Amino acid sequence: MITQFEFDGIKSSVFGLYLCSFNGKSDGAKPVGNEITINTVKAPKKNRFIQTGITYETPLTFSFQVVKYNCWGEDMEITPRELAKIMRWLVRKDYRYLRFDQTGWDNVFYNCTLKVQKYEIGGVIRGLDIEATCDAPWGYSERKEHILNLDGTNACSIFNYSDEDGGILPDLVRIEVLGNYDLLCITNTFSMNQDENKTKTINVEINNCKQGEIIELDRHKNICSSMVHDGLINDFNHVFLELFSDFNQYENVITSNERCNVTIYIREIRKGVPV
């Protein structure tokens, strides 16, 4: 049972708000983030259709309701001043993370914006109707940290247990350079469906690296260095690290050609909504 939610790191109980259902219905169909459009073309002179692409046409959206009540189980009024403060917390101009306090869902985060409407009973504001619009057709896991100590010969594995096949860009990749290198290459090798003959390989290449330099790459495809690295844009091959997953395989094998420490922060894809 869900009792409260958290938005931008603040729990709804701070405002005395708890999840409810004003119409008394809590069962039935609920969104899970699976509205896929499959594009096809008809094969010439055959009664067959060839798939040309798959896309998600809409972001994940869902609604939930909250009521204000105290520890004695009494419904309470939301005053105009309280409403103004709640609106300032919930209605933002950019995406913030939302999650729900329910076992099995408490580590699922929805990067979303919220639309809020007041719910009045007898002319008194008792609760809110909230609609979430996400930045993707799904939510995300908690942020996971992977620390890899690579010496140029060893390999480290990262498992991407996303609920969607394909690749994801880490929130951040931080590379600590441990020597002066003409070329530093970080490689991810992924065997699709556990078949070594079907592999995906990502090579992140950076030239003219200096000992002690820290290079960061983020999911928005930015790169920066802790040192003055003239020509960094030209020294980088503009290939960003991706971590892959498919139905039967989750392991990504990370190697390097030189000594370095790599810290990777990722949020895996999570589908479904508890409300």
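Reply: Start with contacts. This is a predicted model. Leaving out residues up to four places away in sequence, proline 170 touches Asp218, Arg219, Leu241, Leu243, Ile264, Tyr265 and Ile266.

Me: Where does proline 170 sit in the secondary structure?

Reply: Look for the elements on either side. Proline 170 is in the loop between β13 (166-168) and β14 (172-177).

Me: Is proline 170 buried or exposed?

Reply: Buried means under 20% relative accessible area. Proline 170 has 2% relative accessibility, so it counts as buried.

Me: What separates the C-alpha atoms of proline 170 and isoleucine 266?

Reply: Check both chain and space. Along the chain they are 96 residues apart, yet their C-alpha atoms are separated by 4.5 Å.

Me: Which residues lie nearest the centre of the second largest pocket?

Reply: Read the lining. It has 14 residues, and Tyr140, Ile168, Leu169, Arg219 and Arg267 lie nearest the centre. The lining splits into seven nonpolar, two polar and five charged residues. The pocket's volume is about 220 Å³.

Me: Now the whole chain. How many helices and strands does it have?

Reply: Count two helices and 22 strands.

Me: What share of the 275 residues is buried?

Reply: Buried residues make up 39%.

How values were computed: Residues numbered from 1 in each chain as written. Predicted model: local features only at pLDDT ≥ 70, side-chain atom pairs only at ≥ 80, totals over all residues. Heavy atoms only, no water. 1 Å grid on protein atoms, 1.4 Å probe; cavity = no way out; pocket = protein on both sides within 12 Å on 5 of 7 lines; lining within 4 Å. Points joined across faces, edges and corners; volume = space filled by probe spheres on them. Nonpolar A, V, L, I, M, F, W, Y, C, P; charged D, E, K, R; others polar. Helix = DSSP H or I, 4+ residues; strand = E, 2+ residues; numbered from the N terminus. Buried < 20%, exposed > 50% of the residue type's maximum accessible area, 1.4 Å probe, protein only. Contact = heavy atoms within 4.5 Å.
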